[in-house]
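Let us read this structure one feature at a time.

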Amino acid sequence: MRLVDSHCHLNYEGLAERQGDVLANARAAGVGTFLNISTRQSEWEDVIGTAEREPDVYATVGIHPHEADKHADLGADVLREASENPRVIGIGESGLDFYYDHSDRAVQRDLFRMHIGVARETGLPLVIHTRDAEADTLEILDEEMGKGAFPALIHCFTASRSFGKCVLDLGLTISISGIVTFKNAREIQQFVPEIPSDRLLIETDSPFLAPVPHRGKTCEPAYVRDTAAFVASLRGVAIEALAEQTSTNFFALFNKASSGNAAA
């Protein structure tokens, strides 16, 4: 059985100081591929460095909406240049977060559109974070798709069913995190069986959001297996089939990862 953790933060506190053991634990659990996500420019070097050291780890470059104010002047050229690294296979995470409002909403919107432009130009999938911003996220996605299609996914899906249907209609992929295992995640649990099999990914978002039965612990990529088992049960399929389908989906979307770019 092969599993992919399509969204983790291996360079965050809680994982970074024991990164070797974290990766070993995950590999022993059947995880064969990791997408190491960046959230601010200052961490791009470390995130890419991990991917350069570990053949089964890939990287993204991008700015999280929480960090938008600190990167308001980041130009598309800077992001595009960073994305040319052979180990970088995606753009993000980027998007809108109106729950915490750590950054000005107008700046978030502008930076989100800039990331979309780079994703469109490079063909690298955009990893989207959205929280309490469904209407604005959909408006921007719809407008930008009208300018030209781009590959993208909603990571750590926690939105409404109607939002999910809309982004699927726009051609996006949806990634499910350990949140789906929580007791209060009934709406997500009901929506999971509706996601087309070729548009589904799974992730940990580690070190955050450890799934049941690990709640309260630092989340690790190994725990993606628990999320996979839960999602498989919701969809009425074997975990092996779910693991194979989501792995196939990952490499179809992040196709730069399957074009001979393994680390030397």
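**Reading a helix, its salt bridges and its backbone**

Q: Which residue caps the N-terminal end of α4?
A: D104 does: one of its side-chain oxygens lies 3.0 Å from the backbone nitrogen of A106. A polar contact is a pair of N or O atoms within 3.5 Å; within protein, one must be able to donate a hydrogen and the other to accept it, and residues adjacent in sequence count only if both atoms are side-chain atoms. Helices (H or I, at least four residues) and strands (E, at least two) are DSSP runs, numbered from the N terminus.

Q: What model is this, and how are residues numbered?
A: It is a predicted model: local features need pLDDT of at least 70, side-chain atom pairs count only at pLDDT 80 or more, and totals for chains, interfaces and linings use all residues. Numbering starts from 1 along each chain as its sequence is written, and side-chain values use heavy atoms, with hydrogens and water left out.

Q: How many residues does α4 have, and what does it span?
A: The expected span of a helix is 1.5 Å times one less than its number of residues. Helix α4 covers residues 105-122, which is 18 residues. From first C-alpha to last it reaches 26 Å, close to the expected 26 Å. G123 follows α4, with a positive phi near 80°.

Q: Which residues of α4 are buried, and what covers them?
A: Buried means under 20% relative accessible area, exposed over 50%, partly exposed in between (1.4 Å probe, protein chains only). The buried residues of α4 are Q108, L111, F112, M114, H115, I116, V118 and A119. Their cover includes α3 (76-83), β4 (88-97), β5 (126-131) and α5 (134-147).

Q: How many salt bridges does the structure hold?
A: Side chains of opposite charge can pair when their charged atoms come close. The cut-off: a side-chain nitrogen of Lys or Arg within 4 Å of a carboxyl oxygen of Asp or Glu. The structure holds 17.

Q: Where do D77 and R80 lie?
A: An α-helix has 3.6 residues a turn, so residues three or four places apart point the same way. D77 and R80 are three residues apart in helix α3, about one helical turn. Their side chains meet in a salt bridge (2.5 Å, N to O). D77 is exposed at 56%, whereas R80 is buried at 19%.

Q: Where is D56 found, and what does it touch?
A: D56 sits in the loop between α2 and β3. Contact means heavy atoms within 4.5 Å. Not counting residues up to four places away in sequence, D56 touches R27, G32, T33, F34 and R87. With R27, D56 forms a salt bridge (2.7 Å, N to O). That pair links distant parts of the chain, 29 residues apart, with R27 in helix α1. D56 is buried at 16%; R27 is partly exposed at 33%.

Q: Where are the cis peptide bonds from G92 and V212?
A: One joins G92 and E93, with omega about 15°. E93 lies in strand β4. Another runs from V212 to P213, with omega near 15°. P213 is in the loop between β8 and α8.
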